[in-house]
Amino acid sequence: MVMSKIFFHDNVFQEYMTLKDCPYCHDSANFTEIAKNPRVVRCNICGLYRLYPRMSRQGQTAMLKKYTDKITDLSYWNAQLDDIDKYTLREVKKIKQIFPRVFQNGRVLDVGCAEGTFALALKQAGANVVGIEPVEKLVELGKEYELDLHVGRFEAGGIPSDLEEHSFDLIIFSGTIMYMPDLRETFDLINPYLRHGGGLYITNPVATSLYFSINKDYSSRVGRYVAGIPTEKALRYMLSQEGYRIHKICYYWPGYVIPVPMWVSKSSVHRVIGKGGRLALSLFAHAIGRGDRIIVYANKIREDMNERK
């Protein structure tokens with residue numbers, strides 16, 4: 001999906017802010033309040049952070065349609081495809097090291113692939129990649145680069161029919177796991193598509209980031225569309241419950257410049273500190289375990305989800 005370019009803060013959609021349960025545990029009462037405006041809570045069972053209340057699936061669909069219908073200029077996404085950034089290339093190199101068989105006639109599914117920049121980088125590294133993305137305009141753009149992208153949503157009834165019989169050696173959620181409205185459903189849906197022993201790659205901003213310590217308005221960055229913002233604890237818990245062995249879990253390369261809240265970016269403080277100061281802040285955050293983005297490499301080792309606790 002393309003949440004970094006399209007911001008979802010429209011009060012028109014307030015009527016859809018109705019869900020109070022955790023998107024994984026579905027518990028609505030066992031939480032700790034983290035912030036008040038907007039209200040953010042942390043699930044005491046799995047550790048996911050969420051808006052309280054959070055947006056319904058119907059609201060997500062309506063909001064995505066409203067804003068993506070307005071897209072007329074695709075130059076931003078064209079630029080991503082024409083000049084793949086160094087962080088993406090570095091991550092693909094790491095994926096190839098950890099899941100080498102995927103690049104030996106294996107198949108990859110990129111969930112919420114947007115215009116397909118990550119898919120293109122994987123393809124250039126030798127992988128056979130399929131992408132699924134709800135925004136048709138971005139799918140059509142990716143096809144211009146000869147990418148195998150499909151319009152759809154990774155949810156029951158949302159998978160394109162021409163992918164229903166496919167299976168994959170690696171499934172990728174690059175910045176998209178936090179938008180899944182029902183994570184139990186998501187993991188159940190992964191099962192028929194991920195081959196036994198197959199890999200799962202997740203990268204996402206984390207709620208424990210130094211960014212969110214500075215800015216308690218979680219929705220100003222990830223949007224009101226978000227379902228649950230992960231933490232390392234939450235990802236470890238969910239993957240254990242779902243029968244995955246974590247191969248490696250780490251934070252984004254420490255040279256990655258941590259974003260700053262909008263009110264900081266417009267201030268004189270930001271102009272004085274500049275990019276160098278943000279880089280130093282990023283290195284510091286990484287050193288104390290408060291990095292901005294987390295990366296998980298895992299393998300499926302259990303099929304029977306009746307073993308969930």
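Arg-57 is partly exposed, with a relative accessibility of 24%. Keep in mind that this is a predicted model. The side chain of Arg-57 meets that of Glu-185 in a salt bridge, with 3.2 Å from N to O. This pair ties together distant parts of the chain: Arg-57 belongs to helix H1 and Glu-185 to helix H6 (residues 183-193), 128 residues apart. The two are also part of a salt-bridge network that links Arg-57, Arg-153, Glu-155 and Glu-185.

H1 covers residues 57-68, which makes 12 residues, and reaches 16 Å from its first C-alpha to its last, close to the 16 Å expected at 1.5 Å a residue. Its buried residues are Gly-59, Gln-60, Met-63, Leu-64, Tyr-67 and Thr-68. Viewed down the axis of H1, these buried residues fall within an arc of 140 degrees, so they line one face of the helix. What do they pack against? Their partners are strand E5 (54-55) and helix H5 (136-143). On the face turned away from the buried side, H1 carries the exposed residues Gln-58 and Lys-65.

For context, the structure holds 11 salt bridges. Among them is one between Lys-36 and Glu-33, whose closest N and O atoms are 2.7 Å apart. Glu-33 also meets Arg-39 in a salt bridge, at 2.6 Å from N to O. Lys-36 is exposed at 66% relative accessible area, while Glu-33 counts as partly exposed at 32%, as does Arg-39 at 31%.

Technical notes:
Residues numbered from 1 in each chain as written. Predicted model: local features only at pLDDT ≥ 70, side-chain atom pairs only at ≥ 80, totals over all residues. Heavy atoms only, no water. Helix = DSSP H or I, 4+ residues; strand = E, 2+ residues; numbered from the N terminus. Expected span 1.5 Å × (residues − 1). Buried < 20%, exposed > 50% of the residue type's maximum accessible area, 1.4 Å probe, protein only. Arc of directions from axis to C-beta. Contact = heavy atoms within 4.5 Å. Salt bridge = Lys/Arg side-chain N within 4 Å of Asp/Glu carboxyl O.
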